[in-house]
Amino acid sequence: MSPTRVESAVSSCRPSNVEPVELSASSLSTTAPEYLRELKAELAAEGYQPAELSVSASFGEDCSLATQREADRLRDVVRAGAFLGVGVVRVEIDAVGDREKVRPALEALEERARREGVTLSVDGLDVST
């Protein structure tokens with residue numbers, strides 16, 4: 001049997017002296033690339049590797065515009081996570097006004113995350129149909 005992609009990728013791995021950390025999106029001053037570039041360099045200099053980026057979200061308003069604003073904010077967080085090199089962006093949803101408006105927004109966000117090379121983990125609403 002041929003090795004899987006993961007097995008092939010890690011077959012010649014050596015231990016690394018970095019500590020994986022989970023960052024909170026609320027601790028980021030901005031999602032601007034310049035800021036993220038500096039933060040990533042500072043984390044590396046201190047021996048940290050961002051592994052996860054967590055964010056709280058609320059879709060409590062039953063309004064398409066509010067849903068789109070929150071989805072856009074989450075898209076910025078996904079982009080920031082990809083820029084920082086995290087493997088997972090974890091979204092904790094606090095409130096949902098209309099599941100039928102939120103579900104497509106989260107499905108699009110999940111696709112964006114996949115294209116950016118990160119895994120989207122959503123707690124608080126099942127995005128599968």
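Leaving aside neighbours within four places in sequence, L109 is in contact with A71, L74, R75, V78 and L120, where contact means heavy atoms within 4.5 Å. L109 sits in helix α4; helices here are DSSP runs of H or I with at least four residues, strands are runs of E with at least two, and both are numbered from the N terminus. At 1% relative accessibility, L109 counts as buried. The cut-offs behind that word are these: buried is under 20% relative accessible area, exposed is over 50%, and partly exposed is in between, using a 1.4 Å probe and protein chains only. For a sense of span, L109 and S16 are 93 residues apart along the chain, and their C-alpha atoms are separated by 32 Å.

A word on what you are looking at: this is a predicted model, in which local features need pLDDT of at least 70 and side-chain atom pairs count only at pLDDT 80 or more, while totals for chains, interfaces and linings use all residues. Residues are numbered from 1 along each chain as its sequence is written, and side-chain values use heavy atoms, with hydrogens and water left out.

Now step back to the whole chain. The protein has four helices and four strands, and reading along the sequence gives the pattern α-β-α-β-α-β-α-β. Its C-alpha atoms fill a box of roughly 50 × 45 × 20 Å, taken along the principal axes. Of the 129 residues in the protein, 32% are buried. Among contacts between residues at least 6 apart in sequence, 76% join residues at least 24 apart.

What lies at the centre of the contacts? In soluble globular proteins, nonpolar side chains tend to be buried together. Here the largest nonpolar core has 27 residues, and those with the most contacts inside it are L53, L74, V89, V91, L106 and L120. Such a core is a set of buried Ala, Val, Leu, Ile, Met, Phe, Trp, Tyr and Cys residues joined through side-chain atoms within 4.5 Å. The elements giving two or more residues to this core are β1 (19-24), α2 (33-45), β2 (48-59), α3 (64-84), β3 (88-96), α4 (99-116) and β4 (119-123). The largest share, five residues, comes from α3.

From here we can turn to how the helices pack. Two packed helices are described by the angle between their axes and the distance between the axes. The axes of α3 and α4 come within 10 Å and cross at roughly 15°; axes are lines fitted to C-alpha atoms, for helices over the stretch in contact, and angles run from 0 to 180 degrees between N-to-C directions. α3 and α4 are therefore roughly parallel to each other. The scale is simple: angles under 35 degrees count as roughly parallel, over 145 as roughly antiparallel, 65 to 115 as roughly perpendicular, and the rest as oblique. α3 passes α4 in a right-handed crossing, the term used if the near helix is turned clockwise from the far one by less than a right angle, with anticlockwise being left-handed. The contact is made by S64, T67, A71, L74, R75, V78 and A82 of α3 and by K101, V102, A105, L106, L109, R112, A113 and E116 of α4. These residues divide into nine nonpolar, two polar and four charged, counting Ala, Val, Leu, Ile, Met, Phe, Trp, Tyr, Cys and Pro as nonpolar, Asp, Glu, Lys and Arg as charged, and the others, Gly among them, as polar.

T67, found in helix α3, is buried, with a relative accessible area of 6%. Not counting residues up to four places away in sequence, T67 touches F59, E61, K101, V102 and A105. On helix α4 you will find P104, which counts as partly exposed at 44% relative accessibility.

The other helix pair is α2 and α3, which pack at an angle of about 40°, with their axes 10 Å apart. α2 and α3 are therefore oblique to each other, and their crossing is right-handed. The contact is made by P33, L36, R37, L39 and K40 of α2 and R79, A80, F83 and L84 of α3. By class, it has six nonpolar, no polar and three charged residues. P33 lies in helix α2 and, leaving aside its neighbours within four places in sequence, is in contact with R79 and F83. At 31% relative accessibility, P33 counts as partly exposed.
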